[in-house]
Amino acid sequence: MASPILLISGPVGAGKTTVAKLVVEQWGAPVAFLEGDRFWPFFVRHAPAASKLEARRRDAKILVQALIASSARFARGGYDVVAEFTIGPWALEGIAAAVKEIPLDYVAICPSLEACTSRVAGRDSTGYEPYAELHAAFAKLGRYEAHAIRDDSAEPGELAARILAGLAGGAYRVG
């Protein structure tokens, strides 16, 4: 049986990378950590698109597919996987089908719009406006609402501990 994949998701500015790194530090088995943002530089020359937004959405979809394919390869090779990127619950059915026999867990870190805007302001001069629609998409996760952590005041270490405790209890399993 393949090792499990944990997807840590949430809107831009949620703190996914910081929390995921803390989760990996406490992981008890051989683990591979895949940061989705590290896949962006692989796009060297972009394919034509009707708009910049359309190109970004297309490339993000390709990036998620590559992230999941890489995660599955590590899992099939005996490594537990922690992968982080902005992956909405709308993609989980396709992801679960792609990884088939691999146990899949999903956590969405979903701070308020104000918290995400503040975090992004310190690192991105374009502001949060390009991400506001995506943030709104995480407001209601439907059947995956129980996979959401909505807390602006928790420190990253506390969020990592919550995730690890939830994993131990099977709270984040998809399917």
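Biologist: How many aromatic pairs does the structure hold?

Modeller: The model is a predicted one, and the structure holds seven aromatic pairs.

Biologist: What makes the pair of Trp 40 and Phe 85 tilted?

Modeller: The ring centres of Trp 40 and Phe 85 are 6.1 Å apart, with 55° between the planes. Centres within 6.5 Å count as a pair, and planes under 30 degrees apart would be stacked while those over 60 would be edge-to-face.

Biologist: Why is the pair of Phe 74 and Tyr 79 called edge-to-face?

Modeller: The ring centres of Phe 74 and Tyr 79 lie 6.4 Å apart, and their planes stand at 90°. The centres are within 6.5 Å and the angle is over 60 degrees, so the pair is edge-to-face.

Biologist: What makes Phe 74 and Tyr 79 partly exposed?

Modeller: The relative accessible area is 37% for Phe 74 and 39% for Tyr 79. Buried requires under 20% and exposed requires over 50%. Both values lie in between, so Phe 74 and Tyr 79 count as partly exposed.

Biologist: Why does Glu 35 count as buried?

Modeller: Glu 35 is found in strand 2. Its relative accessible area is 14%, which is under 20%, so Glu 35 is buried. Leaving aside neighbours within four places in sequence, Glu 35 is in contact with Thr 17, Lys 21 and Glu 84.

Biologist: Why is Asp 37 placed in the partly exposed class?

Modeller: Asp 37 is in the loop between strand 2 and helix 2. Its relative accessibility of 46% lies between the limits of 20% and 50%, so Asp 37 counts as partly exposed.

Biologist: What is noted about the phi of Lys 100?

Modeller: Lys 100 has a positive phi of about 35° although it is not a glycine. Most residues other than glycine have a negative phi.

Biologist: Why does Lys 100 count as exposed?

Modeller: The relative accessibility of Lys 100 is 66%, which is over 50%, so Lys 100 counts as exposed. Lys 100 lies in the loop between helix 3 and strand 4 (104–109).

Biologist: Why is Pro 103 called buried?

Modeller: Pro 103 is also in the loop between helix 3 and strand 4. With a relative accessible area of 12%, under the limit of 20%, Pro 103 is therefore buried. The C-alpha atoms of Pro 103 and Phe 43 are separated by 29 Å.

Biologist: What makes Ala 160 a buried residue?

Modeller: Ala 160 is found in helix 6 (residues 156–168). Its relative accessibility is 0%, which is under 20%, so Ala 160 counts as buried. Apart from neighbours within four places in sequence, Ala 160 is in contact with Val 19, Leu 22, Val 23 and Gln 26. The C-alpha atoms of Ala 160 and Lys 16, 144 residues apart along the chain, are separated by 9.9 Å.

Biologist: How do you know that the radius of gyration agrees with that of a compact globule?

Modeller: A compact globule of 175 residues would have a radius of gyration near 16 Å, and the chain has 16 Å, so the value agrees. Buried residues make up 44% of the 175 residues. Among contacts with a separation of 6 or more, 74% involve residues 24 or more positions apart.

Biologist: Which pattern do the helices and strands follow along the sequence?

Modeller: The chain has six helices and five strands, and their pattern reads β-α-β-α-β-α-β-α-α-β-α.

Key: Residues numbered from 1 in each chain as written. Predicted model: local features only at pLDDT ≥ 70, side-chain atom pairs only at ≥ 80, totals over all residues. Heavy atoms only, no water. Helix = DSSP H or I, 4+ residues; strand = E, 2+ residues; numbered from the N terminus. Rg over C-alpha atoms; globule rule 2.2 N^0.38 Å. Buried < 20%, exposed > 50% of the residue type's maximum accessible area, 1.4 Å probe, protein only. Contact = heavy atoms within 4.5 Å. Phe/Tyr/Trp six-rings, centres within 6.5 Å; stacked < 30°, edge-to-face > 60°.
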